[in-house]
Amino acid sequence: MIADIFFVSFLTAGISAVLAAIISVIDAIVNNYGDITIDINSGKKQLVVKGGSPLLSTLGKEKIYIPSSCGGRATCGVCKVKVTSNIGPHLPTELPFMNDEEKEMNIRLSCQIKLKQDISIDVPESLFAVQRFKTEVISLKNLCYDTKEVRLKLLEPNSISFKPGQFAQIVIPPYGKLKEQTIRAYSISSQPSHRNVLEFIIRQVPEGIATTYVHTKMHEGEQIDIIAPMGDFYVHDNTDIMICISGGSGMAPFKSILFDMFEKQIERKAVWYFHGGNTLRDMYNMELFQELEKKWPIFHFAPVLFKPNPQDNWQGETGLVTEGATNKFGKEINLAELADAYLCGSPGLIDASIKILTQAGLDASKIYYDKFA
Ligand SMILES: Cc1cc2nc3c(=O)[nH]c(=O)nc-3n(C[C@H](O)[C@H](O)[C@H](O)COP(=O)(O)OP(=O)(O)OC[C@H]3O[C@@H](n4cnc5c(N)ncnc54)[C@H](O)[C@@H]3O)c2cc1C
Ligand code: FES
């Protein structure tokens, strides 16, 4: 009987091994696209790579890091590149992230393009400055019940230069049942004058891969890789009024932007910062911005609670963060002097903020945002 069980197990394992070998041979034959040339920025760089893998990961192996936030699952829409050669129509997975102008320009999701033929792409020159850094976790602090401040010391290279508002990709090591690294985007919340230590504000997403790691497994002294700096969310030159709106961990880039502006004494007629949460429990870093308001006469900090609890004893603005802003329009904020607006947070917050700002007369081209999708 035991001999029979042993024989059946042995036979099953043997069949599985043979099938796996056949599948890998078929895969190698069917998916053998040979060498592929990637032409970047009209001949500025030419790479010869093995075909068959997505453009995003292939470029990453060549140390050209296209921004991404979902690890290639076609859920963030961040990994866009302009393809200048003909590689066929957009895939259904790409279309939800493309507006008409982007479709026309053949902007594509680099994680969805499998390299099967030579390809030409245009990428911003700034991408060539993106590097992979080894870092050490030097502090983890609870800012509120679901948000942590994470500080990473750069080890190699040991210093970075970035624009306030830019983000880094944090490389989460395999853990639990996950056998592969996970890469997610996080805005840098420290100022660029701190070149050796980067700070992040990371909110726990229920069952989220990266945030569960950060909130339950990450520890001081641990080494973590990051890829940085990335993104084009930064303050544009102007001296008129600037409005910033965020919710949740959307505070991260504004902490960098606003403290950098104060440090450099950037001139603006006024700088308004609206930050929203549900109840007082969701708020953090309030004293920090209240202190900044006292030191910097042009700066106004307006925290807004959607539905404060009676025990919150809340004296500030209530309602949606967008209502907090519109309540000031035409009164404390002279709309004729409004130059630009900067938004950060969930897609819902961004869309609602764009709506009130364009209704207030601000041109859509003057509204800059990072969607934490
Ligand atoms: C440019 C950029 C900058 C970002 N900066 C920050 C930052 O500074 N701080 C920060 O905390 N996050 C930031 N994010 C979001 C971050 O990149 C991750 O998407 C987020 O932390 C979730 O990752 P995860 O691996 O934990 O969840 P995943 O495993 O990717 O997702 C798990 C599930 O949760 C859903 N989900 C994903 N994100 C959210 C969300 N925010 N709310 C509700 N459900 C969600 C997914 O659809 C999925 O079903 C930024 C994103 C972008 C694109
Ligand atoms: S990495 Fe391509 S859509 Fe997220």
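An oxygen atom of ligand 1 is placed 3.1 Å from a polar backbone atom of Ser187, a polar contact being a pair of N or O atoms within 3.5 Å. This is a predicted model, in which local features need pLDDT of at least 70, side-chain atom pairs count only at pLDDT 80 or more, and totals for chains, interfaces and linings use all residues. Residues are numbered from 1 along each chain as its sequence is written, and side-chain values use heavy atoms, with hydrogens and water left out.

Contacts of ligand 1
- A backbone N or O atom of Ala185 lies 2.7 Å from an oxygen atom of ligand 1, and a polar side-chain atom of Thr211 lies 2.6 Å from an oxygen atom of ligand 1.
- Taken alone, ligand 1 exposes 930 Å², of which the protein buries 73% (Shrake-Rupley method, 1.4 Å probe).

Shell around ligand 1
- There are 22 residues around ligand 1, of which Arg184, Ala185, Tyr186, Ala210 and Thr211 come nearest (a residue is near if one of its heavy atoms lies within 4 Å).
- Strand 9 (182-187) is among the elements that each supply at least two residues of this shell, and strand 9 gives the largest share, 4 residues (strands are DSSP runs of E, at least two residues).

- Six strands form an open sheet in the order 9-8-11-6-7-10, with antiparallel pairing (two strands pair if DSSP finds at least two bridges between them).
- Strand 9 and strand 10 stand at the edges with a single partner strand each, so one side of each is left without a neighbour in the sheet.
- Strand 7 (residues 147-156) and strand 10 run antiparallel and are joined by 7 bridges, and the bridge partner of Leu152 in strand 10 is Leu198.

Note on methods
Chains lettered and ligands numbered in written order. Polar contact = N/O pair within 3.5 Å; in protein donor to acceptor, adjacent residues only side chain to side chain.
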